[in-house]
Structures are given as C-alpha cells and as structure tokens.
Amino acid sequence: MTRSKARAAARLAAVQALYQHAMEATPVPALLHEFHQHRLGATIEEAEYAEADVDFFNDLVRGTLARGGEVDALITAKLAKGWTLERLDKPMREILRAGTYELLARPDVPMGAVITEYVDVAHAFYEKREAGFVNGLLDAIAKDVRGG
C-alpha cells in the first residue's frame, strides 16, 4: 500500500480517536492501544479498516491533544464572529483540530496535501457544504501558520 493511503487511513483513525477521547475522556495510552490492537487494519462489523501509518497516527493524536490550547486558538480565530468551537459539531471539531495540528507541526507534509486530506475526511462524515467549510477554515489557518 502506498504511503499516502496509509497516511489517509491514519488521519481518519486519528479523527475517530480524538472524537472518542472527547466523548469518553479515554486516557491517551489506552486510546492508542485500543486503536493499535482493534481498529487500525482490522475488520469490524464488515467494515475493513485500511492499514494506517501507525507512527503518523500516534503523532496526530498525541500532538493534537498536547497542543490543544494552541490548536483551538488558531481555529477560534478563524471562526465567524459569534461562533465558538463548542458550537461546532463534535466530529467537525476533531477534524479541524487534527488538520490544524498537522499544518502547525508537520512541515514535512505539503500544505495543500493536508487541506485536501482533511476535506476527504470531512466527506466521510458530512455532505459537500461541511467539506467546503473544512477547506476554507484550514486554508485560512495554513496561511497564518505556514505563510502560504
């Protein structure tokens, strides 16, 4: 499998893990262990999970949580006046957090690739309008953190 497919699988799994962490406050070591053992590359209820780049997945989850304040401030700065992070749908929040973290902390990944990948992740959860929102917001954040 190509590295890009493994990273795409890692991004989707990271958003799912971040969502689970937000909902259940699962401790990070237990969360990573569960995904390593039971989600990444597994088949659950007929749905096959693609093999993911495990190190990349770990970095996205740990890094997004470790830099949560910084990540949330970047997102909040780009939301429309009167909007807060808490008003966003929970999966949307985690998509934006993971994407913002990757833009901030992974200069090895091209800016356009990060944005496109999280738009693809958004399509797994939402319709076209929400994917467009992810595109616009991450593009605005990218310009701030990468000067694009």
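**Close-ups of a predicted model**

**View 1. Arg 93 and the residues it touches.** Leaving aside residues up to four places away in sequence, Arg 93 is in touch with Leu 85, Glu 86 and Leu 88. This is a predicted model, so to speak a computed picture of the chain. Arg 93 itself sits in helix H5, which covers residues 90-105.

**View 2. Arg 93, a buried charge without a salt bridge.** Arg 93 is buried, yet has no salt bridge. Its nearest side chain of opposite charge belongs to Glu 94, and that one is 4.4 Å away. A salt bridge would need the two charged groups within 4 Å.

**View 3. Helices H3 and H5 packed together.** Helix H3 takes in residues 54-66, and it packs against H5 at an angle of about 105°, the axes being 9 Å apart. That makes H3 roughly perpendicular to H5. On the H3 side, look for Phe 56, Asp 59, Leu 60, Gly 63 and Thr 64; they meet Arg 97, Ala 98, Tyr 101 and Glu 102 of H5.

**View 4. Ala 142, tucked away in helix H7.** Ala 142 is found in helix H7, residues 128-146. It counts as buried because its relative accessibility is 0%. Now find Leu 103: it's 39 residues from Ala 142 in sequence, but the two C-alpha atoms are 6.2 Å apart in space.

Terms used:
Residues are numbered from 1 along each chain as its sequence is written. This is a predicted model: local features need pLDDT of at least 70, side-chain atom pairs count only at pLDDT 80 or more; totals for chains, interfaces and linings use all residues. Side-chain values use heavy atoms; hydrogens and water are left out. Helices (H or I, at least four residues) and strands (E, at least two) are DSSP runs, numbered from the N terminus. Buried means under 20% relative accessible area, exposed over 50%, partly exposed in between (1.4 Å probe, protein chains only). Lys and Arg count as positive and Asp and Glu as negative; His and the chain ends are not counted. Contact means heavy atoms within 4.5 Å. Axes are lines fitted to C-alpha atoms, for helices over the stretch in contact, and angles run from 0 to 180 degrees between N-to-C directions. Angles under 35 degrees count as roughly parallel, over 145 as roughly antiparallel, 65 to 115 as roughly perpendicular and the rest as oblique.
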